[in-house]
Amino acid sequence: MNRSRSFANVRQCATKPSSTTSEKHDSDPSQADRIDALPDDAEDWPIATAAASLNRRRFLKLAAIPCAACALAACLPPGSSVSLHASLLPQSDDAIEARFYDKLASRNVQCRLCPRQCVVANGRRGYCNVRENRGGTYYSLVHSRLCTAHIDPIEKKPFFHFRPGTLAFSVATGGCNVNCKFCQNWEISQIAPEQLRRQYVTPSSLAAAAKQNGCPTLAYTYSEPIIASEYYLDCAGAGHSLGVKSVFVSNGFIRGEPLNKLCDRMDAIKIDLKAFSDAYYREVVNAELRPVLDTLVTIRKRGVWLEIVYLVVPTLNDSDGEFKAMAKWVKSELGSDVPVHFTRFYPLYRLKNLPPTPVDTLRRAKTIADSEGLHFVYVGNVPGDPGEDTYCPRCQHMVVERTGFTVRRLQLKNGRCEFCQQPVPGVWS
Ligand code: SF4
């Protein structure tokens, strides 16, 4: 079975989304081709390639039957995946009641999911545009509503210390609770959910799809998963029941209560620390720095595996002083073992006036963070750069060699350096 062609029906965005706001994903075309789960010939959405042996009428009829996965499994030829069909459950067009909100007087509600804490009048939506007040009850409009899915290397998220060399079944709903001027996935993040063509995918169907496609991990990524927390909490629970782990790729702009719920369920979290300046957060991101720092501390305290990405944007967050201050803070508040990825910016969306980040700037950032005592500092979006590799903090031997998203060599045994037996922090199996 060609796994990369088997789950083919939930893409909507015009371009393949990046795993992070920073990622230039097509730098390795051969690999990009291998990992794309959604072929370009799936334009007859939601009918897709895995159903090639079924005609359209037959397929739609079957897809309308509850427990469609079971029905279709019996119809498909041997070797075909049923993951596509498992997701084609009947469309339930209604939203589900949100968690993390308070009811107020006069049928108003106050969202408690992210630090904006939007007060929303009846019939209106919060800032993220995916949570709606209907008669004094708050609803999520994105539960079980995927707009994209791909099978990616886990390194693309990026996670460098979490199950290296494995695949992540990577999905997104529409929407975001911030508005980064450099967003590389703005076609799905800065849009109302009903403007996206979406697919109804229950948590159990999603978990089954990941497993059937040989992905040991579900990744909630591309857009901002916080605003679909209810869905992803359910997905993570469903995944665990099938032995599939979950990783959350986020801006970290979330309140404490929902974050703790996520920490109960997620196996790893990657946070975009977009700068170490509140002014940058206010002007470029339309958010605040402090809640993101609090999120990082909470994740670390909860013991969930954490990696940080810092997108280096020329002239805006690339000073030596800012790199140094950030590295000092990471070391003192989170510890030396949290991986930090300095990644390359490419001009897109509303920051097309700036050039791509010079590679020398990324190397300078790494040198500064290394010298502050961080053990695992990486250069990102520069395939082939030596800054992609992992070195044992004790004996300095290379223990993971990477090129782009590909792991070339892994010299760890049971999470220890093969040369000196030093434990290397991470989730290695
Ligand atoms: S999650 Fe959305 S609705 Fe809730 S506070 Fe944040 S922006 Fe507002």
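A residue counts as buried if 20 or more other C-beta atoms lie within 10 Å of its own, exposed if 12 or fewer, and partly exposed in between, with C-beta atoms placed from the backbone. The model is predicted: local features need pLDDT of at least 70, side-chain atom pairs count only at pLDDT 80 or more, and totals for chains, interfaces and linings use all residues. Residues are numbered from 1 along each chain as its sequence is written.

**Stop 1: strand S14.** Select residues 305-312. Strands here are DSSP runs of E with at least two residues, helices are runs of H or I with at least four, and both are numbered from the N terminus. Eight of the eight residues of S14 are buried. Trp-305, Glu-307, Val-309 and Leu-311 point one way. Leu-306, Ile-308, Tyr-310 and Val-312 point the other way.

**Stop 2: the neighbours.** Two strands pair if DSSP finds at least two bridges between them. Find Lys-270 opposite Glu-307.

**Stop 3: helix H6.** Select residues 203-212. How many of them are buried? Eight of the 10 are, so H6 is largely enclosed by the rest of the structure. Among the buried ones are Pro-203, Leu-206 and Gln-212. Step on to Gly-214, which follows H6 and has a positive phi, near 75 degrees.
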